[in-house]
Structures are given as C-alpha cells and as structure tokens.
Amino acid sequence: MKGHSSPVNDRPSLRHVASLALRDLIGFAQRPDFDRVQDQIRQVRGCSHPVNLVGGTATLDADTRTVLRSYSTADEPTGRLLTACGNRRASRCPSCSRLYAADTYHLIKAGLSGGKTVPETVREHPRVFATLTAPSFGPVHNRRTTDAGKALPCRCGTVHSTDAPELGTPLDLASYDYSGAVLWNAHAGALWGRFTTYLRRELAAHLGMTQKALNAALKVSFAKVAEYQKRGLVHFHSVVRLDGPDGHTDAPPTWATTDALTHAITSAAKRCVLTVSSDAIGERELRWGRQLDIREIAALGDGELTDQKVAAYVAKYATKSAEASGTVDRPLRCRRCTGHGYVTGPDGFRDLCDDCDGTGQSERIASLPVHRHARQMIRTAWALGHLPEFADLKLWRWAHMLGFRGHFSSKSRRYSTTLGALRDVRRAWRTAQAETAGAPPEIEEETTLVVSHWKYLASGYSPGEELIAAQVRHDIAQARDEDQRRKTEGDPWL
C-alpha cells in the first residue's frame with residue numbers, strides 16, 4: 001500500500017544508511033588528519049546535536065595590529081568547528097545534560113557547604129529542603145504503602161505495581177478538571193514568585209518586626225528545581241536558606257532560626273492564592289497542594305538529609321523535562337503559522353496554512369504516541385491557548401509541556417556562584433590543558449585585541465562522524481560505570 005512499508009521493505013534503506021556511514025567513516029580514516037576529526041568530537045563529548053560553525057578568530061597586538069595567533073575553520077579537515085549544543089534535557093542530549101547536571105550539583109552544593117567563592121561558614125546558616133506540590137484536580141490511580149513498605153489497594157481496588165502505566169491517570173477522565181490542571185501548570189512560576197514574597201512577609205510577622213527591618217537584618221536565599229509528577233503536574237523542590245545582610249558571606253542573626261524559617265514557609269504556602277477569571281471556564285483559585293514537606297538539612301553531614309544528597313537530588317531533576325508524565329519533548333505548533341493555522345499573504349488577507357492544513361499543529365494531537373491522560377492535557381492546553389483571555393500565556397506554544405512555561409531550575413542572586421562562572425572556570429582549565437610544552441609564553445591580554453567572525457552552518461554530524469560520536473558516548477559511559485563500580489567496591493586508588 002502506498003505510504004506504508006513493512007520491516008522487510010525497510011531493510012534495504014537501513015542497509016543503505018549503514019553503508020553511507022561506513023563509507024564516510026572509511027573516507028575519514030584514510031586521511032592523515034583523521035585524528036583532528038576525532039579530537040573535535042571528543043571535545044564536545046559526543047554531543048548528540050553539535051552546532052557547526054565556520055569562521056575564525058585572530059589575536060592582534062593592540063598597538064601594531066600584528067597578528068599574534070589565529071585560527072580558521074578553513075584549516076580543519078571538515079572545514080567547520082563543532083561546538084556542543086548545551087541542551088540541559090537528557091532526552092535531547094545525554095552528554096550535555098550530564099555536564100549541566102554536574103554544574104547544577106556544584107552550584108547547589110556550594111550554597112550548602114561552601115566552595116566556588118562561597119565560604120564554608122555557609123553550612124552553619126539555617127537551611128531547609130522544602131517541597132511544594134500541586135493541588136488535586138480529581139482522584140488518580142496511585143500506589144499507597146504502609147510504613148513497613150507493604151503496598152495498599154488503590155481507590156479502584158487494584159494493587160498497582162511500581163511501573164503500572166495507569167499510575168497518575170484519573171480514575172474518571174470525564175470528571176477530571178483538566179482546565180484547572182493546565183492553568184495551574186501555566187501559573188506555577190507566578191505562584192512560586194508570590195510564595196517567595198509571602199515568605200519574607202510571614203518571616204517578619206513571626207519575628208515581630210517590619211519587613212524593612214527584616215531586609216536590613218537578613219536575606220532569604222533559595223534554589224529550586226521543578227519536577228513533573230506522573231499525573232502531569234509540576235511540583236518544586238527548593239533549598240531555602242537564611243543569610244546575613246550581605247548574603248552567603250555574612251552570618252544571619254542568632255534569632256533567625258530553622259524553626260522560624262519552617263513556620264514562615266508553612267504559612268506562606270497556605271496564604272498563596274492566584275485568581276484566574278475566564279468567560280469560558282469561570283473563576284479559578286490556584287494555590288499549593290496540601291502536601292508540604294519541609295526538612296532541615298544537616299549542618300555536619302551526619303543527618304538523614306546531607307548537602308551531597310540534596311545537591312544530587314536537585315541536579316538529577318534539573319535535566320528532566322515532561323517525559324516523566326508521558327508527554328512528548330517537542331513543540332507542537334506549526335513553524336510556518338506559529339500555531340495560528342493561517343498566514344497573512346502579501347495582499348493582507350489570511351490564507352490557510354498549507355503546512356498544517358489550518359490546524360496550527362506540526363503533529364496532529366490525536367496521532368501523538370501518548371496515553372489518553374497526557375493527550376487530553378495537551379488538547380486542553382491547546383484549546384485554552386486560543387481563548388482571548390489566555391492569549392498572553394501562549395499555551396499552544398507550551399502544550400507539549402502540559403501548560404508549564406516556567407524555568408525548570410532557578411536561584412536567588414546571592415545563593416551561591418553562577419552557571420556562567422562555573423563554565424568560565426572549566427573553559428580556562430581546558431585552555432590550560434591544551435597548552436603544549438613548546439608553546440610560546442602567554443600573551444598579555446591587556447595589550448591584545450581579539451577579532452572573531454563566526455557563522456552558523458548546520459547542526460549534527462555526517463554519517464561517519466555519528467559513528468565516532470556514538471563510540472565516544474559509549475566510552476564515556478563505560479568509564480563512568482567503571483568509576484562507580486570502584487567506588488562501590490571501595491577501590492583504594494579512588
């Protein structure tokens with residue numbers, strides 16, 4: 001049948017692709033500069049979708065304009081330079097996401113135990129690990145357990161396994177409040193912002209002082225990460241810390257205790273309310289769920305919740321997206337009409353978009369490989385996004401994220417270092433490592449002028465380069481597993 005193919009018919013095309021990749025790889029291997037091709041791929045750690053650049057850079061003497069050193073992609077075997085895509089999502093690029101997770105780990109841990117320009121005395125500041133959840137929009141299948149770990153029956157009467165596909169899905173799709181769920185996701189970032197405001201107010205009220213006096217005496221620092229639950233709603237894991245007026249370098253007053261911080265978080269979470277009005281769905285009050293978990297982070301690393309555990313937990317979810325809820329990880333709006341379903345012609349009239357046949361969707365929602373619950377949330381986000389009162393939310397753009405459009409990870413300015421600072425340090429280290437023994441002495445940066453010109457060429461690899469990248473990713477994963485094995489077995493050399 002036209003438009004369909006069987007696995008048997010696909011085999012020649014698969015063999016053809018493999019043949020192209022092998023021929024491409026053999027062509028590279030026969031070149032004398034093959035090592036440079038491999039070196040570029042290793043430098044980006046086998047990035048799944050590297051950015052290809054063409055251009056060059058030159059370092060000039062600021063006075064004489066003499067070229068001191070230069071680089072041009074014309075000298076590369078492939079005529080281009082590969083740079084890592086930098087995508088934080090593990091579903092898109094495992095290599096770059098691991099690097100992002102490592103940076104996030106060090107950023108969070110520095111704010112808990114010091115390092116990276118943060119003094120070690122920061123571990124003595126009051127700090128807690130708080131989890132704020134979404135409210136219920138209808139009963140869902142769940143897996144409850146006793147304190148001893150014994151599984152209890154769900155409301156449906158079934159004892160679900162840990163990997164049961166129905167976990168998190170509504171018991172009754174018809175009565176589930178999909179509009180409320182999508183709108184809650186869409187306003188979760190604003191609700192968090194309001195929570196941080198109320199947190200300072202509640203802390204001042206609990207301590208019996210004005211907000212002005214509180215702001216002069218201490219600062220509230222935080223770092224958070226968003227996590228999708230199986231029911232398709234986000235919740236936030238956050239580190240909240242009390243500092244002195246100058247931030248992490250300054251100790252807070254003695255009366256600023258962990259108990260006061262815990263009380264303020266509890267009160268602020270209960271007080272936060274956002275009201276959303278719509279002619280189509282009426283008025284909704286958006287607030288945090290009843291489940292609020294606040295735990296103190298041990299100062300000496302000997303408690304149940306240590307600096308390392310918290311940093312590792314936050315870093316783990318910093319690279320996740322909405323895939324845990326069963327949705328897709330790509331936008332669904334048509335690129336040509338940006339989700340509107342029409343394009344404006346040169347005569348000023350609206351014409352039906354040919355790319356999406358007027359649906360505004362790059363992929364038909366009804367054809368997505370997702371379960372019914374996720375599909376209904378996507379469909380609801382798409383429909384609400386086209387209502388005039390929700391136009392500013394641009395929900396059709398974030399329909400694949402089930403309405404959530406906030407930052408997955410964020411921090412206050414004075415929590416610790418920044419991701420940019422960590423990347424600068426890594427870049428400087430790599431530059432130092434690249435220096436050869438016979439390299440000329442370093443040039444004084446104050447007396448030089450750097451001129452660069454770069455142009456985007458494409459993204460991805462050639463077929464042969466993809467084989468090399470796959471091997472690089474395999475080698476990195478194997479080395480990481482071996483290091484983990486040695487640490488687990490107590491290897492004396494680690």
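User: Before we count anything, what makes two rings of Phe, Tyr or Trp a pair?
Analyst: Rings of Phe, Tyr and Trp, the last with its six-membered ring, pair if their centres lie within 6.5 Å, and by that rule the structure, which is a predicted model, holds 14 aromatic pairs.
User: Take Trp184 and Trp288, how are their rings placed?
Analyst: Their ring centres are 5.8 Å apart and the planes stand at 75°, so this pair is edge-to-face, given that planes over 60 degrees apart count that way.
User: And which parts does that pair tie together?
Analyst: Trp184 belongs to helix H4, whereas Trp288 is in the loop between strand E8 (282-286) and strand E9 (292-296), so the pair links parts that are 104 residues apart in sequence.
User: Is Trp184 buried or exposed?
Analyst: Trp184 has a relative accessible area of 1% and is buried, and Trp288, at 6% relative accessibility, counts as buried too.
User: Which aromatic cluster has Trp184 in it?
Analyst: One aromatic cluster includes Trp184, Trp288, Trp192, Phe195 and Phe408, and over the ring of Phe408 sits the charged end of Arg88, 4.2 Å from the ring centre.
User: What about Arg271, which ring does its charged end sit over?
Analyst: The charged end of Arg271 sits over the ring of Tyr198, 4.5 Å from its centre. Arg271 is also in contact with Glu202, and once neighbours within four places in sequence are left aside, the other contacts of Glu202 are Ala264, Ser267 and Ala268.
User: Where is Glu202 found, and is it buried or exposed?
Analyst: Glu202 is found in helix H4, which spans residues 178-207, and with a relative accessible area of 16% it is buried, because the cut-off for buried is under 20%.
User: New topic, how many disulfides are there?
Analyst: The count comes to zero disulfides. For Cys47 the nearest cysteine sulfur is that of Cys85, 3.4 Å away, and since a disulfide needs sulfur atoms within 2.5 Å, Cys47 is in no disulfide. Cys154 is in none either, with the sulfur of Cys156 the nearest at 3.8 Å.

Terms used. Residues numbered from 1 in each chain as written. Predicted model: local features only at pLDDT ≥ 70, side-chain atom pairs only at ≥ 80, totals over all residues. Heavy atoms only, no water. Helix = DSSP H or I, 4+ residues; strand = E, 2+ residues; numbered from the N terminus. Buried < 20%, exposed > 50% of the residue type's maximum accessible area, 1.4 Å probe, protein only. Contact = heavy atoms within 4.5 Å. Phe/Tyr/Trp six-rings, centres within 6.5 Å; stacked < 30°, edge-to-face > 60°. Lys NZ or Arg CZ within 6 Å of the ring centre and 35° of its normal.
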